[in-house]
Amino acid sequence: MRVVHDSEITLYGAFRGAPGIVIYSGTGSFAVGKNRRGETCRVGGLGFLLSDEGSGFSICPSGLVAAVMCIN
């Protein structure tokens, strides 16, 4: 048994070990890919303090500010 990042589980679930790319944006965000040589690369997915650009958590404050500006 080994502990892995949820992006690795998502990538395997989507492509069953074959090459591919997954881009996820929800409350958090990440992009992960695997090439034909079996090499993987992930960006993001480290939480809101370090790297969740494009996530709901990072986008929501801008939306709230815009909504409040429309009220005034």
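User: Where is Arg 16 found?

Analyst: Arg 16 is found in the loop between H1 and strand S1 (20-25). Helices (DSSP runs of H or I, at least four residues) and strands (E, at least two) are numbered from the N terminus. The model is predicted: local features need pLDDT of at least 70, side-chain atom pairs count only at pLDDT 80 or more, and totals for chains, interfaces and linings use all residues. Residues are numbered from 1 along each chain as its sequence is written, and side-chain values use heavy atoms, with hydrogens and water left out.

User: Why does Arg 16 count as exposed?

Analyst: Its relative accessibility is 62%. The label exposed needs over 50% relative accessible area, buried means under 20%, and partly exposed lies in between (1.4 Å probe, protein chains only). Arg 16 is therefore exposed. Its phi is positive, about 50 degrees, although Arg 16 is not a glycine.

User: How do you know how many disulfides the structure has?

Analyst: The whole structure was searched for pairs of cysteine sulfur atoms within 2.5 Å, and the result is zero disulfides. For Cys 70, the nearest cysteine sulfur belongs to Cys 60 and is 15 Å away, so by the 2.5 Å limit Cys 70 is in no disulfide. Cys 70 is also exposed, because its relative accessible area is 69%.

User: What makes the pair of Tyr 24 and Phe 30 stacked rather than edge-to-face?

Analyst: A pair of aromatic rings is described by the distance of the centres and the angle of the planes. Rings of Phe, Tyr and Trp (its six-membered ring) pair if their centres lie within 6.5 Å; planes under 30 degrees apart count as stacked, over 60 as edge-to-face and the rest as tilted. The count comes to two aromatic pairs. In one of them, the centres of Tyr 24 and Phe 30 are 5.3 Å apart and the planes are at 25 degrees, so the pair is stacked. Tyr 24 is partly exposed because its accessibility is 39%, whereas Phe 30, at 8%, is buried.

User: And why is the pair of Phe 48 and Phe 57 called tilted?

Analyst: Their ring centres lie 4.8 Å apart and their planes are at 50 degrees, so the pair is tilted. Phe 48 has a relative accessible area of 54% and is therefore exposed; Phe 57, at 48%, is partly exposed.

User: What makes a space a pocket rather than a cavity, and which residues line the largest pocket?

Analyst: On a 1 Å grid over the protein atoms alone, a cavity is a set of points where a 1.4 Å probe fits but cannot get out, while a pocket is an open set with protein on both sides within 12 Å along at least five of seven lines; lining residues have an atom within 4 Å of a point. The largest pocket is lined by residues including His 5, Glu 8, Tyr 12, Val 32, Lys 34 and Cys 41. Cys 41 counts as exposed because its accessibility is 53%. H1 gives the most to the lining, with four residues.
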